[in-house]
Amino acid sequence: MTDAFEGIRILDFTQLEQGPSATQVFADFGADVIKVERIGDGEIGRRQFPTINGYSPHWSATNRNKRSISVDLKNSEGRSLILELAKDADIVASNFRPGVMDKLGLGWKDLSAVNPRIIVAYASGYGQTGPYALRRGQDLAAQAISGLMALTGTQDGPPTPSGTFMIDYLASMQFAQGMMIALAARDRTGRGQVVDSCLLNAAVASHLQEGTTYLTQGQEYPRPVAGIAHSHNTALYGTYQCRDGRWYVLVGEFYIHEPWKRCATALGLPDHVINDARFQSNEGLLAHPKETTRLVREASLQFDRDELLQRYAEQDVLAAPVNEYDDVFSDPQVLHNEMVLEAEIPGVGPVKFIGMPVKLSDTPGRLRMPPPSVGEHNDSVLTEAGLDLQKIAELKAAGIVGTERDDEKAGAPTRW
């Protein structure tokens, strides 16, 4: 099988989620992604709990299909070893604070000197320059500073963060996008360049529609009445609980004629409410958010969720269940879309992963290798780079390259 990124090599210094999720996109589609890690401990994301015999599923979510080498980057010979590997690499990716790679002697100036075609990709909290550049970056801080958190929640509650590290993931996809654009540009120019991606930009861009409207017209977006999902919308776009305690989302504001009449009919409301003149237009619904939300909320509590979803479907109104985790990973469409993958990992057992969200008909992503242990591929990567076994042994003896795999063969536990 031909893989989309076959022949592309990435030296991956990234850690946690923002960087590793991005490089995993390349790895899933065939790139040779080589994690460059600290000897013994590996990258800091490997410590994320819970663990199975030292193995972190949280960490493994972003590190399949990669190889690992362990090198002492503070040693000049270790740095020289990376520069040698960089001669045949296409991308060097990192998500340290700005300036760290330069201090290691592995910044743009150093890498482009040995390989003018190299793409040096930096992910960070706020960008490589500017007043916040050296601040510690993190998902929650980006949600806060960007205005995203202020948009989220309800009028009677506080600004509310996402239920997951959403900006880490969004920023990682933009990081991957930047590297792909740089590869495409290199095909035209023959030159490498710097990619600069950050959490703050991703978070600001996440609400680009609201932001553009604010910048153009001064439109404000206060948090909505409880139940309504967005301040720009009405009671027909929100989250409601049913008699059986389960929740659903109503998307009745879009795609249909006479939305109030259809939703109110599904909810079994009386005729005078269904035909209330105040609620027949979007403007009218926006003018009465508390009353209409109360009507939908109280009526929803008269039905079990599945029954109400069927009633909405009969009115051609879009509504969907709020799935708990047990429901998500048994959902027939999720399973059909191959969003759950499984691999057997020695010493750990069967491990499941979230699948590739984008499907290609000719060059699909695939699970080629489970996530690597620390330094698992020291010998193979260095042999491919032209070092003989004697030289590799000398580097290990000098503490420049890790011996984790050798130690494991001698009976030590796997260094996850």
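This is a predicted model: local features need pLDDT of at least 70, side-chain atom pairs count only at pLDDT 80 or more; totals for chains, interfaces and linings use all residues.

**Exercise 1. Determine where A31 lies and which residues it touches.**

Solution. 

Step 1. A31 is found in the loop between α1 (20-28) and β2 (32-37).

Step 2. Not counting residues up to four places away in sequence, A31 touches F5, I8, F26, N65 and R368.

Step 3. The C-alpha atoms of A31 and E6 are 5.1 Å apart in space, while the two residues are 25 residues apart in sequence.

**Exercise 2. Classify the ring pairs formed by Y248 and state which parts of the chain they tie together.**

Solution. 

Step 1. The whole structure holds 9 aromatic pairs. In one of them, Y240 and Y248 have ring centres 6.1 Å apart and planes at 40 degrees; the pair is therefore tilted. Y240 and Y248 are both buried.

Step 2. Y248 also pairs with Y312, with 5.6 Å from centre to centre and 45 degrees between the planes; this pair is tilted. Like Y248, Y312 is buried.

Step 3. Y248 is located in strand β8 (residues 247-251) and Y312 in helix α15 (residues 305-314), so their pair ties together parts that are 64 residues apart in sequence.

Step 4. Two further aromatic features may be noted. Y237, F254 and Y255 form one aromatic cluster. R135 lies over the face of Y132, 3.8 Å from the ring centre.

**Exercise 3. State how many disulfides the model contains, and examine C242.**

Solution. 

Step 1. A disulfide is a covalent bond between the sulfur atoms of two cysteines. The cut-off applied is a pair of cysteine sulfur atoms within 2.5 Å, and the count comes to 0 disulfides.

Step 2. For C242, the nearest cysteine sulfur belongs to C263 and is 13 Å away; C242 is in no disulfide.

Step 3. With a relative accessible area of 2%, C242 is buried.

**Exercise 4. Describe the protein as a whole through its elements, extent, burial, contacts and surface.**

Solution. 

Step 1. The protein has 20 helices and 11 strands.

Step 2. Along the principal axes, its C-alpha atoms fill a box of roughly 90 × 50 × 40 Å.

Step 3. Of the 416 residues in the protein, 44% are buried.

Step 4. Among contacts with a separation of 6 or more, 69% are between residues 24 or more positions apart.

Step 5. The accessible surface of the protein is about 21000 Å², and carbon and sulfur atoms account for 53% of this surface.

Definitions and conventions:
Residues are numbered from 1 along each chain as its sequence is written. Side-chain values use heavy atoms; hydrogens and water are left out. Rings of Phe, Tyr and Trp (its six-membered ring) pair if their centres lie within 6.5 Å; planes under 30 degrees apart count as stacked, over 60 as edge-to-face and the rest as tilted. Buried means under 20% relative accessible area, exposed over 50%, partly exposed in between (1.4 Å probe, protein chains only). Helices (H or I, at least four residues) and strands (E, at least two) are DSSP runs, numbered from the N terminus. A charge sits over a ring if NZ of Lys or CZ of Arg is within 6 Å of the ring centre and within 35 degrees of the ring normal. Contact means heavy atoms within 4.5 Å. Accessible areas come from the Shrake-Rupley method with a 1.4 Å probe; for residues, only the protein chains shown count as cover.
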